[in-house]
Amino acid sequence: MSEGAASPTPLAAPAWKVWAGLWTIYVIWGSTYLAIRIMVRTVPPLLGAGLRFAVAGALMLAVLRVRRGPLRITRRQLLSAAVVGTLLAAGGNGLVTVAEQDVPSSLAALLIASVPLWVVVLRALLGEHPGRATFAGVGVGFVGVALLLLPGEQPAGVTLAGLLLVVVAAISWATGSVASGRVDLPDDPLVSTGFQMTIAGLLMVVAGAVAGELGDIHWGGLSAESLGAFAYLIFIGSIVAYSAYTWLLQHAPVSRVSTYAYVNPVIAVFLGWIVLSEKITALTLVGAAVIVASVAFIVRHEIAPTADEPDASAEDRRALERAPV
């Protein structure tokens with residue numbers, strides 16, 4: 001997502017509409033991990049994720065084209081959209097989709113919740129100097145991640161390799177989030193996201209074909225549940241939720257909108273437990289609490305820093321607010 005140099009002042013909107021928008025992204029983005037887990041039961045992961053984003057992105061661009069006329073984008077912006085989309089949708093969501101063949105949706109969501117922690121690490125590597133309190137929050141958050149990765153504490157069938165793949169996805173997502181605030185992208189976030197999703201989706205389709213997933217498609221074996229989850233991810237998880245998110249950025253304080261970062265994993269854990277009967281151990285709950293608390297602290301601290309802490313740049317705050325797609 002690319003925005004202007006300064007965040008616009010939120011437009012006045014009734015409180016009930018703001019809360020309706022918030023609960024829309026809370027529930028929908030919290031449920032996408034569950035939908036992915038169901039989709040990959042019978043749909044090859046890279047092809048499924050690729051088609052999800054390619055179709056959602058193409059539909060979004062088509063609607064924008066009809067409503068607004070020609071969509072203007074320079075070659076440089078198109079290249080930037082390709083890079084950011086690859087890091088976010090392909091490297092982030094694509095790897096999560098592959099990993100969720102073995103990793104429960106609740107664990108995947110909790111590990112992806114560490115994205116704001118990785119954003120702070122990347123800022124430090126780029127020469128930024130987050131405050132001591134922020135680094136302390138990151139340290140506590142990574143303790144929670146370590147608890148989730150402890151050998152022997154995961155449900156049967158969950159491999160360390162699968163969990164680490166989700167961690168790599170979180171790092172890729174964080175990298176794309178940081179990059180999105182530092183490269184030349186279209187000013188309109190919907191146009192930018194449409195191109196990012198379309199390009200990344202096509203890339204994943206090609207990757208899936210190269211990996212031999214075309215031979216893994218058995219049309220008679222595609223379950224109604226998997227196909228329903230696939231459609232849900234396209235129309236609800238991508239298009240509806242992101243439209244609500246964009247509306248919220250225009251009508252609510254960023255500090256309130258960014259609460260999705262620590263509400264979504266809680267909803268994902270609950271849905272994984274209630275719908276798929278995913279096992280939740282005491283250690284998982286402890287790790288979840290540590291990660292969610294640290295992310296809540298970091299997001300609020302970086303968006304509204306205290307007087308004795310350095311303020312994050314506008315780009316860095318947008319990186320922390322970068323929404324999943």
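1. Ser 105, Ser 106, Leu 107, Ala 108, Ala 109, Leu 110, Leu 111 and Ile 112 of helix 4 are buried, where buried stands for under 20% relative accessible area, exposed for over 50% and partly exposed for what lies in between, with a 1.4 Å probe and protein chains only. Because eight of the eight residues of helix 4 (residues 105-112) are buried, this helix is largely enclosed by the rest of the structure. Helices here are DSSP runs of H or I with at least four residues, strands are runs of E with at least two, and both are numbered from the N terminus.

2. The basis of these remarks is a predicted model, in which local features need pLDDT of at least 70 and side-chain atom pairs count only at pLDDT 80 or more, whereas totals for chains, interfaces and linings use all residues. Residues are numbered from 1 along each chain as its sequence is written, and side-chain values use heavy atoms, with hydrogens and water left out.

3. On the overall fold, the protein has 13 helices and zero strands, and its pattern along the sequence reads α-α-α-α-α-α-α-α-α-α-α-α-α. Of its 325 residues, 55% count as buried. With contact taken as heavy atoms within 4.5 Å, residues 24 or more positions apart account for 90% of the contacts that have a separation of 6 or more.

4. The buried residues of helix 6 are Thr 134, Gly 137, Val 138, Gly 141, Gly 144, Val 145, Leu 147, Leu 148 and Leu 149.

5. Two salt bridges are present in the structure, a salt bridge being a side-chain nitrogen of Lys or Arg within 4 Å of a carboxyl oxygen of Asp or Glu. In one of them Asp 188 pairs with Arg 68, and the closest N and O atoms are 1.9 Å apart. This pair links distant parts of the chain, since Asp 188 sits in the loop between helix 7 (160-180) and helix 8 (189-210) and Arg 68 in helix 2, 120 residues apart. Asp 188 counts as partly exposed at 23% relative accessibility, as does Arg 68 at 46%.

6. A salt bridge also joins Arg 182 to Glu 128, with 3.8 Å between the closest N and O atoms. Arg 182 belongs to the loop between helix 7 and helix 8 and Glu 128 to the loop between helix 5 (115-125) and helix 6, so the pair ties together parts that are 54 residues apart in sequence. Arg 182 is partly exposed at 37% relative accessibility, and Glu 128 is partly exposed with a relative accessible area of 30%.

7. Ser 172, in helix 7, is buried with a relative accessible area of 13%. Its side chain reaches the backbone oxygen of Leu 87 at 2.6 Å. Leaving aside neighbours within four places in sequence, Ser 172 is in contact with Leu 87, Gly 91 and Gly 92.

8. Leu 51 lies in helix 2 (residues 45-68) and is partly exposed, with a relative accessible area of 39%. Apart from its neighbours within four places in sequence, Leu 51 is in contact with Val 205, Phe 230 and Ile 234. The C-alpha atoms of Leu 51 and Val 205 are separated by 6.6 Å, although these residues are 154 residues apart along the chain.

9. Leu 51 also takes part in lining the second largest pocket, together with Val 43, Pro 44, Leu 47, Gly 48, Ile 217, Trp 219, Leu 222, Leu 227 and Phe 230. On a 1 Å grid over the protein atoms alone, a pocket is an open set of points with protein on both sides within 12 Å along at least five of seven lines, and lining residues have an atom within 4 Å of a point. The volume of this pocket is about 150 Å³, a volume being the space filled by probe spheres set on the points, which are joined across faces, edges and corners. Helix 2 and helix 9 (224-251) each supply at least two residues of the lining, and helix 2 gives the most, with three residues.

10. A backbone point concerns Ser 277, which has a positive phi of about 55° although it is not a glycine. Most residues other than glycine have a negative phi. Ser 277 lies in the loop between helix 11 (260-276) and helix 12 (282-303) and is exposed, with a relative accessible area of 61%.

Definitions and conventions. Polar contact = N/O pair within 3.5 Å; in protein donor to acceptor, adjacent residues only side chain to side chain. 1 Å grid on protein atoms, 1.4 Å probe; cavity = no way out; pocket = protein on both sides within 12 Å on 5 of 7 lines; lining within 4 Å.
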